[in-house]
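Subject: A structure for you to look at

Hello,

Here is the structure I promised to pass on. Please open it beside this message and follow along.

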Amino acid sequence: PYGHQDPAWSPDGTVLYYVQNGITSDGSASRLIRYDLASRSVARLGERGLIEPAPSPDGRWIAATRITAKGSDVVILDAATGQVALEVTRGGRSWSPAWSPDGTALIFLAALGSEASLQQVVLNAPASGPPTIVSSEQLLRNPVDAGVRPAWGVLRSDGNGGSTP
């Protein structure tokens, strides 16, 4: 009855992830849903309270925002099982993850007073086993709009010595 939000395609375009909204007396009942286009099957993924799915470029992981009574944090889920593989943040003040094009980093927003800062974590993602955090940094000195969802882009040469997004 609360609608859906945050659609995100798997890198190969075979799966659509989205959030099925809901609320209970003790908090968020929102759930990540995986819709397989070929089989037309729908499955819940992970625990309740997960929003803003962002599949990794290799399709192995899904970064998401986890809503709890403590606030919101960025987590990485195993795309096959939905289990939390890595808690990227734990302070209850982070949201809106986005993967780098090569899958080696995540950017996300974190509370900075009444505004937000753009944060980055560099990850080590071994061939087997969960990713780990190598480093973390605030990318910009100035705050950003807390309502904007960050995304990666690629600059390309325009052929005249400049670049275009």
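Below is what I found, beginning with the overall picture and ending with a few single residues.

This is a predicted model, in which local features need pLDDT of at least 70 and side-chain atom pairs count only at pLDDT 80 or more, while totals for chains, interfaces and linings use all residues. Residues are numbered from 1 along each chain as its sequence is written, and side-chain values use heavy atoms, with hydrogens and water left out.

**Overall picture**

The protein chain has zero helices and 16 strands. Both are DSSP runs numbered from the N terminus: helices are H or I with at least four residues, strands are E with at least two. Of the 165 residues, 39% count as buried. Here buried means under 20% relative accessible area, exposed means over 50%, and partly exposed is in between, with a 1.4 Å probe and protein chains only. A contact means heavy atoms within 4.5 Å. Among the contacts in the chain with a separation of 6 or more, 32% are between residues 24 or more positions apart.

**The cores**

The largest nonpolar core has 13 residues, and those with the most contacts inside it are I76, V88, W99, L106, F108, V121 and L123. Such a core is a set of buried Ala, Val, Leu, Ile, Met, Phe, Trp, Tyr and Cys residues joined through side-chain atoms within 4.5 Å. Strands β8 (61–68), β9 (71–78), β12 (105–112) and β13 (115–124) each supply at least two residues of this core, and β12 gives the most, with three. Apart from this core lies another, of twelve residues, among them V19, L50, I62 and A79.

Not counting residues up to four places away in sequence, W99 touches A54, P55, S56, P57, W61, A63, I76, A105, L106, L123 and W152.

**The largest pocket**

W99 also turns up at the largest pocket, where A54, P55, S56, A98 and W99 are the closest to the centre of the 20 lining residues. The volume of this pocket is about 290 Å³. For the method, a 1 Å grid is laid over the protein atoms alone; a pocket is an open set of points where a 1.4 Å probe fits, with protein on both sides within 12 Å along at least five of seven lines, and lining residues have an atom within 4 Å of a point. Grid points are joined across faces, edges and corners, and the volume is the space filled by probe spheres set on the points.

Strands β1 (4–9), β7 (50–55) and β11 (94–99) each supply at least two residues of the lining. The lining divides into 15 nonpolar residues, four polar and one charged. In this count Ala, Val, Leu, Ile, Met, Phe, Trp, Tyr, Cys and Pro are nonpolar, Asp, Glu, Lys and Arg are charged, and the others, Gly among them, are polar.

S56 lies in the loop between β7 and β8. At 1% relative accessibility, S56 counts as buried. Leaving aside neighbours within four places in sequence, S56 is in contact with P11, W61 and W99.

**Salt bridges**

The structure holds four salt bridges, each a side-chain nitrogen of Lys or Arg within 4 Å of a carboxyl oxygen of Asp or Glu. E87 pairs with R66, the closest N and O atoms being 2.6 Å apart. This pair links distant parts of the chain, with E87 in strand β10 (residues 84–87) and R66 in strand β8, 21 residues apart. R66 also meets E47 at 3.5 Å, N to O. R66 is buried, with a relative accessible area of 13%, whereas E47 is partly exposed at 35% and E87 partly exposed at 30%. Salt bridges that share partners join E47, R66, E87 and R90 into one network. D58 and R60 form a salt bridge too (4.0 Å, N to O).

**A few single residues**

Phi of D6 is near 60 degrees, a positive value in a residue other than glycine. D6 sits in strand β1 and is buried, at 17% relative accessible area. Phi of R40, also not a glycine, is positive as well, near 55 degrees. R40 is in the loop between β5 (31–36) and β6, and is exposed at 66%.

Happy exploring!
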